[in-house]
Amino acid sequence: MVVASSLTMGVMSTNVVKEDLFSPYQLGKFKLTHRIVLAPMTRCRAINEMPNEALEKYYTQRSTPGGFLITEGTLISQAAAGFAHCPGIYTDEQVEAWKKIVDSVHAKGAIIFCQLWHVGRVSNQVYQHGGAPISSTNKVLSDKWNILMPDGSHEKCTPPRALSVPGILEVVQQYRQAALNAIHAGFDGVEIHGAHGYLIDQFLKEAINDRTDEYGGSLQNRIKFLMQVVQAVVEALGDEKVAVRISPAIDHFDAIDSNPLALGLAVVDGLNKLQSNLGSKLAYLHVTQPRFTARGVVDKPAKEAQADAQLLRKLKDAFEGSFVSSGGYTKELGMDAIAQGEADLVAFGRLFISNPDLVHRLKVNAPLNKYDRTTFYTHDPVLGYTDYPFLGEEILH
(Lines give C-alpha, C1' and ligand atoms only; values in the text may rest on other atoms or scores of the structure.)
Protein backbone atom coordinates (compact mmCIF):
# COMPACT_ATOMS: atom_id res chain seq x y z
CA MET A 1 0.00 0.00 0.00
CA VAL A 2 1.36 3.43 -0.95
CA VAL A 3 0.85 6.39 1.39
CA ALA A 4 1.25 9.88 -0.07
CA SER A 5 1.64 12.77 2.41
CA SER A 6 1.72 16.56 1.98
CA LEU A 7 1.89 19.56 4.34
CA THR A 8 -0.59 22.37 3.71
CA MET A 9 -1.02 25.31 6.10
CA GLY A 10 0.72 23.24 8.78
CA VAL A 11 -1.82 20.40 8.47
CA MET A 12 -0.75 16.88 7.53
CA SER A 13 -2.97 15.25 4.87
CA THR A 14 -2.59 11.62 3.98
CA ASN A 15 -3.87 10.00 0.80
CA VAL A 16 -3.93 6.22 0.79
CA VAL A 17 -3.54 4.69 -2.65
CA LYS A 18 -5.05 1.22 -2.63
CA GLU A 19 -3.38 -1.51 -4.61
CA ASP A 20 -5.47 -3.45 -7.12
CA LEU A 21 -5.13 -5.91 -10.00
CA PHE A 22 -3.48 -3.24 -12.13
CA SER A 23 -0.86 -2.15 -9.60
CA PRO A 24 2.75 -3.11 -10.37
CA TYR A 25 4.39 -5.81 -8.26
CA GLN A 26 7.98 -6.87 -7.72
CA LEU A 27 8.04 -10.68 -7.93
CA GLY A 28 11.63 -11.48 -6.99
CA LYS A 29 13.77 -9.99 -9.72
CA PHE A 30 10.78 -9.56 -12.04
CA LYS A 31 8.94 -6.25 -12.19
CA LEU A 32 5.33 -7.09 -13.05
CA THR A 33 3.15 -4.34 -14.54
CA HIS A 34 -0.06 -5.91 -13.21
CA ARG A 35 -1.17 -8.72 -10.90
CA ILE A 36 -3.30 -10.81 -13.27
CA VAL A 37 -1.68 -14.21 -13.73
CA LEU A 38 -2.41 -16.91 -16.31
CA ALA A 39 -3.25 -19.91 -14.13
CA PRO A 40 -1.88 -23.36 -14.99
CA MET A 41 -4.55 -25.27 -16.94
CA THR A 42 -4.43 -28.64 -18.66
CA ARG A 43 -5.49 -28.19 -22.31
CA CYS A 44 -4.42 -31.48 -24.00
CA ARG A 45 -3.01 -29.92 -27.18
CA ALA A 46 0.58 -31.21 -26.97
CA ILE A 47 0.18 -34.19 -29.30
CA ASN A 48 2.27 -37.13 -28.11
CA GLU A 49 3.49 -34.99 -25.19
CA MET A 50 5.40 -32.64 -27.51
CA PRO A 51 5.02 -28.85 -27.18
CA ASN A 52 4.11 -27.43 -30.58
CA GLU A 53 3.07 -24.36 -32.60
CA ALA A 54 -0.44 -24.42 -31.13
CA LEU A 55 1.00 -24.02 -27.63
CA GLU A 56 3.26 -21.24 -28.85
CA LYS A 57 0.30 -19.29 -30.22
CA TYR A 58 -1.83 -19.95 -27.12
CA TYR A 59 0.73 -18.69 -24.62
CA THR A 60 1.89 -15.81 -26.79
CA GLN A 61 -1.70 -14.61 -27.25
CA ARG A 62 -2.00 -14.35 -23.45
CA SER A 63 1.34 -12.59 -22.93
CA THR A 64 1.53 -8.93 -21.99
CA PRO A 65 4.52 -6.70 -21.19
CA GLY A 66 5.31 -7.35 -17.54
CA GLY A 67 2.67 -10.08 -17.31
CA PHE A 68 3.15 -13.41 -15.56
CA LEU A 69 2.20 -16.83 -16.98
CA ILE A 70 2.27 -20.32 -15.48
CA THR A 71 2.17 -23.21 -17.93
CA GLU A 72 -0.22 -26.10 -17.83
CA GLY A 73 0.92 -29.09 -15.80
CA THR A 74 4.06 -30.36 -17.54
CA LEU A 75 5.10 -33.99 -17.08
CA ILE A 76 8.35 -34.67 -15.24
CA SER A 77 8.55 -38.23 -16.59
CA GLN A 78 6.76 -40.61 -18.88
CA ALA A 79 5.08 -42.21 -15.85
CA ALA A 80 3.75 -38.83 -14.68
CA ALA A 81 0.88 -38.85 -17.19
CA GLY A 82 -2.81 -39.27 -16.49
CA PHE A 83 -4.29 -37.33 -19.42
CA ALA A 84 -3.71 -37.56 -23.15
CA HIS A 85 -1.46 -35.08 -24.96
CA CYS A 86 -0.08 -33.12 -22.03
CA PRO A 87 3.38 -31.65 -22.64
CA GLY A 88 6.49 -33.13 -21.08
CA ILE A 89 9.80 -31.64 -20.01
CA TYR A 90 11.79 -34.86 -19.59
CA THR A 91 13.33 -35.41 -23.06
CA ASP A 92 15.80 -33.34 -25.07
CA GLU A 93 13.24 -33.03 -27.86
CA GLN A 94 10.63 -31.61 -25.50
CA VAL A 95 13.12 -29.11 -24.09
CA GLU A 96 14.01 -27.92 -27.58
CA ALA A 97 10.33 -27.58 -28.48
CA TRP A 98 9.65 -25.50 -25.36
CA LYS A 99 12.45 -23.07 -26.26
CA LYS A 100 10.52 -21.60 -29.17
CA ILE A 101 7.43 -21.11 -27.00
CA VAL A 102 9.36 -19.46 -24.18
CA ASP A 103 11.22 -17.20 -26.61
CA SER A 104 7.92 -16.06 -28.12
CA VAL A 105 6.49 -15.24 -24.67
CA HIS A 106 9.63 -13.34 -23.73
CA ALA A 107 9.45 -11.39 -26.99
CA LYS A 108 6.11 -10.03 -25.76
CA GLY A 109 7.80 -8.91 -22.53
CA ALA A 110 6.14 -11.52 -20.30
CA ILE A 111 7.55 -13.84 -17.64
CA ILE A 112 6.75 -17.55 -17.68
CA PHE A 113 7.17 -20.39 -15.16
CA CYS A 114 6.82 -24.09 -16.01
CA GLN A 115 4.53 -26.07 -13.72
CA LEU A 116 6.11 -29.44 -12.88
CA TRP A 117 3.51 -32.19 -12.60
CA HIS A 118 3.13 -35.83 -11.64
CA VAL A 119 -0.42 -37.18 -11.39
CA GLY A 120 0.45 -40.17 -9.19
CA ARG A 121 -2.52 -42.53 -8.83
CA VAL A 122 -4.82 -40.34 -10.97
CA SER A 123 -3.96 -42.42 -14.01
CA ASN A 124 -4.83 -45.53 -15.97
CA GLN A 125 -2.67 -48.38 -17.22
CA VAL A 126 -3.16 -47.00 -20.73
CA TYR A 127 -0.97 -44.06 -19.74
CA GLN A 128 1.41 -46.34 -17.83
CA HIS A 129 2.13 -48.74 -20.71
CA GLY A 130 0.29 -51.50 -18.91
CA GLY A 131 1.78 -50.91 -15.48
CA ALA A 132 0.35 -49.50 -12.27
CA PRO A 133 0.56 -45.79 -11.46
CA ILE A 134 2.57 -44.80 -8.39
CA SER A 135 1.30 -43.12 -5.24
CA SER A 136 1.74 -42.84 -1.49
CA THR A 137 -0.76 -45.68 -1.20
CA ASN A 138 -2.16 -48.84 -2.78
CA LYS A 139 -5.72 -47.48 -2.41
CA VAL A 140 -7.61 -46.80 -5.62
CA LEU A 141 -9.76 -43.69 -6.09
CA SER A 142 -13.42 -43.91 -5.11
CA ASP A 143 -16.08 -44.61 -7.74
CA LYS A 144 -17.11 -40.93 -7.88
CA TRP A 145 -13.99 -40.17 -9.95
CA ASN A 146 -13.00 -41.18 -13.45
CA ILE A 147 -10.48 -39.80 -15.92
CA LEU A 148 -10.46 -38.85 -19.57
CA MET A 149 -9.03 -41.44 -21.95
CA PRO A 150 -7.25 -40.76 -25.27
CA ASP A 151 -10.38 -41.69 -27.26
CA GLY A 152 -12.56 -39.21 -25.34
CA SER A 153 -14.23 -41.81 -23.13
CA HIS A 154 -13.99 -41.88 -19.33
CA GLU A 155 -12.65 -44.78 -17.28
CA LYS A 156 -11.73 -45.57 -13.69
CA CYS A 157 -8.17 -45.21 -12.50
CA THR A 158 -5.96 -48.28 -12.30
CA PRO A 159 -5.13 -49.40 -8.71
CA PRO A 160 -1.84 -47.73 -7.76
CA ARG A 161 1.42 -49.04 -6.35
CA ALA A 162 2.73 -47.45 -3.16
CA LEU A 163 6.23 -46.10 -3.65
CA SER A 164 9.09 -47.57 -1.68
CA VAL A 165 11.47 -45.14 0.01
CA PRO A 166 14.09 -45.60 -2.76
CA GLY A 167 11.27 -45.05 -5.27
CA ILE A 168 10.32 -41.78 -3.56
CA LEU A 169 13.90 -40.54 -3.75
CA GLU A 170 14.00 -41.45 -7.45
CA VAL A 171 10.92 -39.30 -8.09
CA VAL A 172 12.53 -36.43 -6.17
CA GLN A 173 15.42 -36.57 -8.62
CA GLN A 174 12.97 -36.60 -11.54
CA TYR A 175 11.55 -33.29 -10.26
CA ARG A 176 15.08 -31.91 -9.96
CA GLN A 177 16.02 -32.92 -13.50
CA ALA A 178 12.76 -31.62 -14.95
CA ALA A 179 13.43 -28.27 -13.24
CA LEU A 180 16.90 -28.10 -14.75
CA ASN A 181 15.40 -28.96 -18.13
CA ALA A 182 12.90 -26.11 -17.76
CA ILE A 183 15.65 -23.60 -17.10
CA HIS A 184 17.58 -24.98 -20.08
CA ALA A 185 14.45 -24.37 -22.17
CA GLY A 186 14.53 -20.72 -21.08
CA PHE A 187 11.77 -20.68 -18.46
CA ASP A 188 12.15 -18.02 -15.78
CA GLY A 189 11.38 -20.54 -13.06
CA VAL A 190 9.22 -23.51 -12.10
CA GLU A 191 6.10 -24.13 -10.03
CA ILE A 192 5.94 -27.48 -8.21
CA HIS A 193 2.36 -28.78 -8.42
CA GLY A 194 1.53 -30.07 -4.95
CA ALA A 195 -2.24 -29.62 -5.17
CA HIS A 196 -5.56 -31.04 -6.39
CA GLY A 197 -5.14 -34.69 -5.47
CA TYR A 198 -2.08 -35.40 -7.62
CA LEU A 199 1.09 -37.17 -6.46
CA ILE A 200 2.43 -34.71 -3.88
CA ASP A 201 -1.07 -34.08 -2.52
CA GLN A 202 -1.47 -37.85 -2.16
CA PHE A 203 1.28 -37.69 0.45
CA LEU A 204 -0.08 -34.54 2.12
CA LYS A 205 -3.71 -35.58 2.67
CA GLU A 206 -4.58 -37.96 5.50
CA ALA A 207 -7.52 -39.54 3.64
CA ILE A 208 -5.10 -40.87 1.02
CA ASN A 209 -1.79 -41.32 2.82
CA ASP A 210 -2.04 -44.52 4.88
CA ARG A 211 1.68 -45.12 5.19
CA THR A 212 3.25 -46.25 8.46
CA ASP A 213 6.82 -45.27 7.62
CA GLU A 214 8.61 -41.90 7.77
CA TYR A 215 6.32 -40.51 5.04
CA GLY A 216 3.00 -41.21 6.75
CA GLY A 217 1.06 -40.50 9.91
CA SER A 218 2.05 -37.17 11.44
CA LEU A 219 1.90 -33.85 9.62
CA GLN A 220 5.69 -33.64 9.62
CA ASN A 221 5.91 -37.04 7.98
CA ARG A 222 3.23 -36.29 5.38
CA ILE A 223 4.91 -33.06 4.25
CA LYS A 224 8.35 -34.72 4.02
CA PHE A 225 8.08 -35.70 0.33
CA LEU A 226 7.09 -32.18 -0.70
CA MET A 227 9.95 -30.68 1.31
CA GLN A 228 12.44 -33.07 -0.27
CA VAL A 229 11.22 -32.11 -3.75
CA VAL A 230 11.39 -28.39 -2.98
CA GLN A 231 14.84 -28.66 -1.45
CA ALA A 232 16.22 -30.61 -4.40
CA VAL A 233 14.79 -28.15 -6.93
CA VAL A 234 15.88 -25.03 -5.02
CA GLU A 235 19.40 -26.41 -4.63
CA ALA A 236 19.48 -27.02 -8.38
CA LEU A 237 18.03 -23.69 -9.54
CA GLY A 238 18.85 -21.19 -6.83
CA ASP A 239 17.14 -18.08 -5.49
CA GLU A 240 13.58 -17.03 -6.43
CA LYS A 241 13.18 -19.50 -9.30
CA VAL A 242 11.03 -22.08 -7.50
CA ALA A 243 7.37 -21.82 -6.47
CA VAL A 244 4.95 -24.26 -4.84
CA ARG A 245 1.22 -24.79 -5.34
CA ILE A 246 -0.95 -26.39 -2.67
CA SER A 247 -4.69 -26.84 -2.01
CA PRO A 248 -5.13 -27.91 1.62
CA ALA A 249 -8.91 -27.38 1.66
CA ILE A 250 -9.80 -28.95 -1.69
CA ASP A 251 -11.05 -32.55 -1.90
CA HIS A 252 -10.39 -33.11 -5.62
CA PHE A 253 -9.68 -36.80 -6.36
CA ASP A 254 -10.49 -37.79 -2.75
CA ALA A 255 -7.74 -35.50 -1.40
CA ILE A 256 -9.45 -34.84 1.93
CA ASP A 257 -7.90 -33.66 5.18
CA SER A 258 -9.77 -33.19 8.44
CA ASN A 259 -7.76 -30.10 9.36
CA PRO A 260 -6.79 -28.19 6.21
CA LEU A 261 -5.58 -25.16 8.16
CA ALA A 262 -3.16 -27.23 10.22
CA LEU A 263 -1.94 -28.95 7.04
CA GLY A 264 -1.51 -25.66 5.21
CA LEU A 265 0.34 -24.07 8.13
CA ALA A 266 2.61 -27.12 8.44
CA VAL A 267 3.53 -26.79 4.77
CA VAL A 268 4.10 -23.04 5.11
CA ASP A 269 6.25 -23.54 8.21
CA GLY A 270 8.28 -26.17 6.39
CA LEU A 271 8.79 -23.89 3.39
CA ASN A 272 9.79 -20.97 5.59
CA LYS A 273 12.39 -23.13 7.35
CA LEU A 274 13.72 -24.38 4.02
CA GLN A 275 14.14 -20.83 2.77
CA SER A 276 16.07 -19.95 5.92
CA ASN A 277 18.22 -23.08 5.94
CA LEU A 278 19.08 -22.89 2.24
CA GLY A 279 19.54 -19.13 2.15
CA SER A 280 17.29 -19.02 -0.94
CA LYS A 281 13.88 -17.47 -1.28
CA LEU A 282 11.00 -19.15 -3.05
CA ALA A 283 9.43 -17.17 -5.88
CA TYR A 284 5.94 -17.51 -4.37
CA LEU A 285 3.39 -19.80 -2.74
CA HIS A 286 0.29 -20.51 -4.83
CA VAL A 287 -2.89 -21.62 -3.03
CA THR A 288 -6.18 -22.57 -4.69
CA GLN A 289 -9.39 -21.12 -3.25
CA PRO A 290 -11.57 -23.79 -1.60
CA ARG A 291 -14.53 -22.67 -3.73
CA PHE A 292 -12.87 -24.29 -6.77
CA THR A 293 -13.94 -27.84 -7.61
CA ALA A 294 -13.51 -30.23 -10.51
CA ARG A 295 -16.98 -29.35 -11.72
CA GLY A 296 -16.63 -25.59 -11.59
CA VAL A 297 -16.91 -22.83 -9.03
CA VAL A 298 -19.15 -23.34 -6.04
CA ASP A 299 -21.05 -20.49 -4.40
CA LYS A 300 -20.85 -21.33 -0.72
CA PRO A 301 -22.96 -20.02 2.17
CA ALA A 302 -21.58 -16.82 3.65
CA LYS A 303 -20.27 -18.56 6.77
CA GLU A 304 -18.32 -21.16 4.79
CA ALA A 305 -17.00 -18.56 2.36
CA GLN A 306 -15.79 -16.46 5.27
CA ALA A 307 -14.01 -19.45 6.80
CA ASP A 308 -12.34 -20.18 3.46
CA ALA A 309 -11.15 -16.59 3.19
CA GLN A 310 -9.78 -16.72 6.72
CA LEU A 311 -7.84 -19.90 5.92
CA LEU A 312 -6.20 -18.25 2.93
CA ARG A 313 -5.44 -15.12 4.89
CA LYS A 314 -3.77 -17.13 7.65
CA LEU A 315 -1.62 -18.96 5.11
CA LYS A 316 -0.64 -15.69 3.43
CA ASP A 317 0.20 -14.04 6.74
CA ALA A 318 2.33 -17.03 7.76
CA PHE A 319 4.26 -17.43 4.49
CA GLU A 320 7.47 -15.45 4.17
CA GLY A 321 7.21 -14.42 0.54
CA SER A 322 4.86 -13.60 -2.32
CA PHE A 323 1.40 -15.18 -2.33
CA VAL A 324 -0.66 -16.16 -5.38
CA SER A 325 -4.33 -17.16 -5.10
CA SER A 326 -6.52 -18.79 -7.74
CA GLY A 327 -9.89 -20.48 -8.06
CA GLY A 328 -13.01 -18.95 -9.58
CA TYR A 329 -11.99 -15.32 -9.37
CA THR A 330 -13.95 -12.59 -11.13
CA LYS A 331 -12.55 -9.10 -11.57
CA GLU A 332 -14.44 -7.92 -8.49
CA LEU A 333 -13.21 -10.80 -6.31
CA GLY A 334 -9.67 -10.28 -7.56
CA MET A 335 -9.74 -6.55 -6.87
CA ASP A 336 -11.01 -7.23 -3.35
CA ALA A 337 -8.36 -9.87 -2.70
CA ILE A 338 -5.55 -7.49 -3.60
CA ALA A 339 -7.07 -4.47 -1.83
CA GLN A 340 -7.68 -6.44 1.37
CA GLY A 341 -4.23 -8.01 1.37
CA GLU A 342 -5.48 -11.55 0.84
CA ALA A 343 -3.16 -12.10 -2.15
CA ASP A 344 -0.28 -10.40 -3.93
CA LEU A 345 -1.21 -11.85 -7.31
CA VAL A 346 -4.42 -13.45 -8.60
CA ALA A 347 -4.42 -16.25 -11.16
CA PHE A 348 -7.33 -16.54 -13.61
CA GLY A 349 -8.17 -19.76 -15.43
CA ARG A 350 -11.44 -20.15 -17.32
CA LEU A 351 -11.72 -16.44 -18.10
CA PHE A 352 -8.24 -16.52 -19.63
CA ILE A 353 -9.19 -19.49 -21.81
CA SER A 354 -11.88 -17.53 -23.66
CA ASN A 355 -10.25 -14.10 -23.43
CA PRO A 356 -6.67 -14.04 -24.67
CA ASP A 357 -6.66 -10.29 -23.98
CA LEU A 358 -8.16 -10.70 -20.50
CA VAL A 359 -5.86 -8.13 -18.91
CA HIS A 360 -6.99 -5.40 -21.31
CA ARG A 361 -10.66 -6.37 -21.10
CA LEU A 362 -10.65 -6.27 -17.31
CA LYS A 363 -8.86 -2.94 -17.27
CA VAL A 364 -11.35 -1.21 -19.59
CA ASN A 365 -14.39 -3.11 -18.23
CA ALA A 366 -15.10 -4.63 -21.63
CA PRO A 367 -17.51 -7.56 -22.06
CA LEU A 368 -15.91 -11.00 -21.78
CA ASN A 369 -16.15 -13.86 -24.27
CA LYS A 370 -18.01 -16.86 -22.83
CA TYR A 371 -15.98 -20.03 -22.62
CA ASP A 372 -17.13 -23.33 -24.11
CA ARG A 373 -16.48 -26.08 -21.56
CA THR A 374 -16.95 -28.81 -24.18
CA THR A 375 -13.72 -27.73 -25.91
CA PHE A 376 -11.52 -27.44 -22.81
CA TYR A 377 -9.81 -30.80 -23.35
CA THR A 378 -10.17 -31.48 -27.06
CA HIS A 379 -7.01 -32.07 -29.08
CA ASP A 380 -7.85 -29.66 -31.90
CA PRO A 381 -4.98 -27.14 -32.24
CA VAL A 382 -7.39 -24.24 -32.88
CA LEU A 383 -10.97 -24.95 -31.77
CA GLY A 384 -11.59 -23.65 -28.27
CA TYR A 385 -7.89 -22.95 -27.93
CA THR A 386 -6.56 -20.11 -30.07
CA ASP A 387 -9.74 -19.05 -31.89
CA TYR A 388 -11.31 -16.89 -29.17
CA PRO A 389 -11.44 -13.30 -30.49
CA PHE A 390 -9.59 -10.32 -29.11
CA LEU A 391 -11.61 -7.23 -28.26
CA GLY A 392 -12.85 -5.67 -31.49
CA GLU A 393 -12.48 -8.86 -33.49
CA GLU A 394 -15.84 -10.35 -32.48
CA ILE A 395 -17.52 -9.09 -35.62
CA LEU A 396 -15.18 -11.27 -37.67
CA HIS A 397 -16.33 -14.45 -35.93
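Predicted model: local features only at pLDDT ≥ 70, side-chain atom pairs only at ≥ 80, totals over all residues.
Let me begin with a term: a salt bridge here is a side-chain nitrogen of Lys or Arg within 4 Å of a carboxyl oxygen of Asp or Glu. With that in hand, the side chains of Arg222 and Asp257 meet in a salt bridge, with 2.9 Å from N to O. This pair links distant parts of the chain, since Arg222 sits in helix 5 (residues 219–222) while Asp257 sits in the loop between strand 13 (242–246) and helix 7 (260–278), 35 residues apart. Helices (H or I, at least four residues) and strands (E, at least two) are DSSP runs, numbered from the N terminus. Arg222 and Asp257 are both buried, where buried means under 20% relative accessible area, exposed means over 50%, and partly exposed lies in between, with a 1.4 Å probe and protein chains only.

Residues are numbered from 1 along each chain as its sequence is written, and side-chain values use heavy atoms, with hydrogens and water left out.

Staying with charges for a moment, the count by this rule comes to 10 salt bridges. Another of them joins Glu96 to Lys99, whose closest N and O atoms are 2.9 Å apart; both residues lie in helix 2 (residues 92–107), three residues apart, about one turn of the helix. Glu96 is partly exposed at 45% relative accessibility, and Lys99 is partly exposed as well, at 23%. Asp357 and Arg361 also form a salt bridge, with 2.7 Å between the closest N and O atoms, and both of these residues are buried.

Now to the barrel. Eight strands close into it in the order 5-6-7-12-13-14-17-18, and the pairing is parallel, two strands being paired if DSSP finds at least two bridges between them. From one strand to the next, the twist averages 25 degrees, with axes taken as lines fitted to C-alpha atoms and angles running from 0 to 180 degrees between N-to-C directions.

Let us look at strand 12 in particular. Strand 7 (residues 111–117) is joined to strand 12 (residues 189–193) by four bridges; Leu116 has Ile192 as its bridge partner, and Gln115 stands opposite Glu191. Four bridges also join strand 12 to strand 13, where Val242 is the partner of Val190. How much of strand 12 is buried? Five of its five residues are, so the strand is largely enclosed by the rest of the structure. Gly189, Glu191 and His193 cover one side and Val190 and Ile192 the other, all of them buried.

Turning to the nonpolar cores, each is a set of buried Ala, Val, Leu, Ile, Met, Phe, Trp, Tyr and Cys residues joined through side-chain atoms within 4.5 Å. The largest has 100 residues, and Tyr175, Phe225, Leu226 and Phe348 have the most contacts inside it. Helix 6 (residues 224–237) gives the most to this core, with nine residues.

Finally, the cysteines. A search of the whole structure finds zero disulfides, a disulfide being a pair of cysteine sulfur atoms within 2.5 Å. For Cys44, the nearest cysteine sulfur, that of Cys86, is 4.5 Å away, and Cys44 is buried at 1% relative accessibility.
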